[in-house]
Amino acid sequence: MDAFRLISIRIRALLAVAALLGSGAASAQTAIVIGGALRMDNDAVWQRIVQEAGGPGKAHFAVLATAAANPELSAKLIIDALKKHGAQAEHIPVAPRLEGADLQKNLNDPELIAKVRASNAVFFSGGAQGFIVDTLQPDGRRTAMLDAIWDVYRRGGVVAGTSAGAAIMSRVMFRDALNVMEVMRGTLREGHEIDQGLGFVGSELFVDQHFLKRGRIGRMLPLMMAKGYRFGLGVEENSAAVVHGDRIDVIGGRGALFVDLRDARSDPSLGMFNVRGARISYLDNGDRHDLRSGVTMPAPRKTAAASPVPTRASTQGSAGSSRGPVDSFQPDILGDNRIVQAMTELLSSPAAEVRAMAARIRPDAKGDRDRTGFVFRLYRGADTQGWIDTDGDGTDVTLLDVRLDIRPVRLPDPGAGPTTNAVPAATMIAPAGLR
């Protein structure tokens with residue numbers, strides 16, 4: 001038996017023991033970050049949510065549809081799903097858009113606060129995350145209702161949230177930053193694009209949602225660098241990350257992107273967002289990562305993927321181009337799941353590097369800022385590696401420690417005529433801060 005198979009068997013045994021030890025008991029201080037668009041028939045995720053809160057017959061959820069446009073409907077759908085999987089669940093009617101309800105009265109109602117405190121789990125719906133922080137933590141001050149939620153969490157309970165309910169999980173959150181390109185161009189204002197979150201995942205981890213579908217790697221990295229985060233976790237739709245202390249378990253449909261900025265650096269002279277040496281990893285259903293040790297355990301069904309021989313050496317970490325033509329170029333890295341597709345191509349082909357573009361400009365864009373795009377460069381490091389489920393269709397993968405550089409580039413004027421619009425390629429991709 002070769003060394004790899006022996007290690008694989010031992011890891012599987014350890015996972016099996018951990019599963020047996022953890023079954024049927026509520027986990028201590030567990031935050032479940034759901035990437036949004038969670039399907040009601042995603043039994044694996046709903047079952048795990050209930051299991052983390054003690055399991056069928058023991059899990060008791062307080063459901064807050066504070067963020068929702070239609071709180072009654074949102075709460076009902078969540079409650080039905082939780083009850084279907086054996087939990088007790090009750091709507092706590094604290095929501096700005098709840099018709100006929102007195103928000104402040106309900107927010108401070110001792111009976112409702114007591115119901116929350118008597119639960120062993122809390123579930124936040126999707127919607128607008130600003131409603132959650134403005135209601136439960138106005139001006140940064142915790143309400144009695146939020147104190148009750150924290151009591152549930154601190155004594156070993158679960159706090160789960162989907163979409164907007166996931167956004168509030170870290171100490172800093174995106175409040176209203178729908179335009180990823182504008183964030184990359186520097187629009188990152190307190191109280192507008194970003195705000196103070198509720199902080200259930202701790203001070204070191206930043207989380208975001210709808211991540212791969214909406215290309216939110218472009219907004220995560222600027223915030224992480226501006227706020228001093230090392231770790232970031234972008235959870236995809238119909239997927240979830242179970243955060244228990246330093247351990248992160250990924251479950252659901254399409255996984256999550258994990259960002260580590262331990263070696264990242266930027267060049268202020270470029271005048272706009274840029275980064276070199278960021279590490280990005282794609283974790284899929286069943287994968288586990290430990291923040292403290294940095295070790296990732298891929299799902300037992302996966303085996304290590306053989307690394308193809310690069311066509312030529314990549315200039316790892318260098319700001320300059322590698323020699324010769326670019327191996328692969330993708331036109332829209334912020335498109336649906338494009339970042340993972342680029343990572344997969346890098347690890348599954350002989351490409352030394354993959355480059356991609358983030359370039360969305362309005363027809364009336366005139367200023368240099370509005371005509372700035374970004375080049376993404378993905379390449380291997382010494383520890384870059386991948387795993388794959390060889391019995392699957394090739395999309396069930398784990399991709400670790402791909403390196404990423406991003407630099408700003410000046411784009412041609414979209415309103416210019418055919419003559420003046422003929423900009424030499426070298427000029428188009430020159431770093432914005434150097435021109």
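The following legends describe close-up views of a predicted model of a single protein chain.

**View 1. The whole chain and its confidence.** The chain contains 12 helices and 21 strands. Of its 435 residues, 52% count as buried. Among contacts between residues at least 6 apart in sequence, 73% join residues at least 24 apart. The mean pLDDT of the chain is 87, and 84% of the residues reach 70 or more. Confidence is highest in strand β2 (residues 60-64), at a mean of 99, and lowest in helix α12 (residues 425-428), at 36.

**View 2. The largest nonpolar core.** This core holds 47 residues, and those touching the most other members are V116, V122, F124, M145, I149, F200 and L233. Helix α7 (residues 144-154) provides the largest share of the core, with seven residues. When neighbours within four places in sequence are left aside, the contacts of V116 are A62, I92, V122, M145, A148, I149 and V152.

**View 3. The open sheet of nine strands.** The strands follow the order β3-β2-β4-β5-β1-β10-β11-β14-β15, and their pairing is mixed. At the edges stand β3 (88-91) and β15 (296-297); each has a single partner strand, so one side of each is left without a neighbour in the sheet. Two bridges join β15 to strand β14 (residues 288-290) in the antiparallel sense. Here R288 has M297 of β15 as its bridge partner.

**View 4. Strand β21 and its partners.** In strand β21 (residues 397-410), 14 of the 14 residues are buried. Strand β13 (residues 275-283) pairs with β21 in the antiparallel sense over five bridges, and I280 has V402 of β21 as its bridge partner. Strand β19 (residues 372-379) is also antiparallel to β21, with eight bridges between them; T372 is partnered there by R410 of β21. Strand β20 (residues 385-388) runs antiparallel to β21 and is joined to it by four bridges. In this pairing, Q385 stands opposite L400 of β21.

**View 5. The aromatic pair of Y153 and F200.** The model has eight aromatic pairs. In the pair of Y153 and F200, the ring centres are 5.3 Å apart and the planes lie at 80°, so the pair is edge-to-face. Y153 belongs to helix α7 and F200 to the loop between β7 (194-196) and β8 (205-208), so the pair ties together parts that are 47 residues apart in sequence. Both Y153 and F200 are buried. Ring pairs also link W150 with Y153 and F200 into a cluster.

**View 6. The aromatic pair of F174 and F206.** The rings of F174 and F206 form an edge-to-face pair, with 5.9 Å from centre to centre and 75° between the planes. F174 lies in strand β6 (residues 172-174) and F206 in strand β8, and the pair links these distant parts of the chain, 32 residues apart. Both F174 and F206 are buried.

Key: Residues numbered from 1 in each chain as written. Predicted model: local features only at pLDDT ≥ 70, side-chain atom pairs only at ≥ 80, totals over all residues. Heavy atoms only, no water. Core = buried A, V, L, I, M, F, W, Y, C linked by side-chain atoms within 4.5 Å. Buried < 20%, exposed > 50% of the residue type's maximum accessible area, 1.4 Å probe, protein only. Contact = heavy atoms within 4.5 Å. pLDDT = per-residue confidence, 0-100. Pairing = 2+ DSSP bridges. Phe/Tyr/Trp six-rings, centres within 6.5 Å; stacked < 30°, edge-to-face > 60°.
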